[in-house]
Amino acid sequence: MAQFPFQIRQLPTSLQGFATEMENIVDHVMQSGCSKGSYDKSGEVCYAPTLDVIEDDAGYSLYLDLPGVGMESLKLELLENKLSVSGSRDGYSLGEGAVLHRGERAQGKFARAIRLPKQVDADRIEADFKNGVLQIRVPKTPKASSRQIEIRAGN
């Protein structure tokens, strides 16, 4: 499950790719054991779509690549502080006598869960799906400000 703000401290660029790849490996291992691009026998989740998270002063923008996925198969839900995206991408069938020489495009059921930080406004989360990219905007809550509290003399 991806988290943000990421627990990994600011890493040099050369190490950031390694950290991202390690997170992808962990996500893959945590899946139900089916190989990339196929269903397992129980029809469980087979892959997690790629995810970019961008933070600015007002909130977070999440981008998930979902080429070939129909909007009708997408599901986005928030439970407590976990935002979950799931759905499926239909595969293709090979014609009689056809041989698949290389199959890298994932197909089947997918899911991705993102643990949100506490300082987000869950009621204002918005999502747009365009050109195979799901963009989710997660606004931050306004920062708490301090104020002076008057102390009155007791009776």
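**Salt bridges, strands and a nonpolar core**

Biologist: Which residue forms a salt bridge with R124?

Modeller: In this predicted model, the closest N and O atoms of the pair are 3.1 Å apart. A salt bridge requires a side-chain nitrogen of Lys or Arg within 4 Å of a carboxyl oxygen of Asp or Glu. The partner of R124 is D121.

Biologist: Is D121 buried or exposed?

Modeller: R124 is partly exposed, with a relative accessible area of 47%. D121 has a relative accessible area of 18%, and the limit for a buried residue is under 20%. D121 is therefore classed as buried.

Biologist: How many salt bridges does the count come to?

Modeller: R124 and D121 form one of them. Another joins the side chains of E104 and R102, at 2.4 Å from N to O; R102 is exposed, with a relative accessible area of 65%. The count of salt bridges comes to 5.

Biologist: With which residue does the side chain of R137 meet in a salt bridge?

Modeller: The distance from N to O in this pair is 2.8 Å.

Biologist: Which residue of β3 is the bridge partner of D52?

Modeller: β2 and β3 run antiparallel and are joined by 5 bridges. Strand β3 covers residues 59-65. The bridge partner of D52 is Y63.

Biologist: Which residue in the turn of the β4 and β5 hairpin has a positive phi?

Modeller: Strand β4 (residues 75-79) and β5 run antiparallel, joined by 5 bridges; in β5, the bridge partner of L76 is V85. The two strands form a hairpin with 2 residues between them. The turn residue, with a phi of about 55°, is E80.

Biologist: Which members of the largest nonpolar core touch the most other members?

Modeller: This core has 17 residues. At least two of its residues come from each of β3, β5, β6 and β8. The members that touch the most others are L62, L64, I136 and V138.

Biologist: The side chain of R112 reaches the backbone oxygen of which residue?

Modeller: R112 lies in strand β6. At 8% relative accessibility, R112 counts as buried. Its side chain reaches the backbone oxygen at 2.7 Å, and that oxygen belongs to P49.

Biologist: How many Å apart in space are K109 and Y47, C-alpha to C-alpha?

Modeller: K109 lies in strand β6 and is partly exposed, with a relative accessible area of 36%. In sequence, K109 and Y47 are 62 residues apart. In space, their C-alpha atoms are separated by 6.9 Å.

Biologist: By how many Å are the C-alpha atoms of P142 and A58 separated?

Modeller: P142 lies in the segment after β8 and is exposed, with a relative accessible area of 72%. Along the chain, P142 and A58 are 84 residues apart. Their C-alpha atoms are separated by 8.6 Å.

Biologist: What percentage of the residues in the protein is buried?

Modeller: A residue counts as buried if its relative accessible area is under 20%. The protein has 155 residues. The buried ones make up 26%.

Conventions
Residues numbered from 1 in each chain as written. Predicted model: local features only at pLDDT ≥ 70, side-chain atom pairs only at ≥ 80, totals over all residues. Heavy atoms only, no water. Pairing = 2+ DSSP bridges. Helix = DSSP H or I, 4+ residues; strand = E, 2+ residues; numbered from the N terminus. Core = buried A, V, L, I, M, F, W, Y, C linked by side-chain atoms within 4.5 Å. Buried < 20%, exposed > 50% of the residue type's maximum accessible area, 1.4 Å probe, protein only. Polar contact = N/O pair within 3.5 Å; in protein donor to acceptor, adjacent residues only side chain to side chain.
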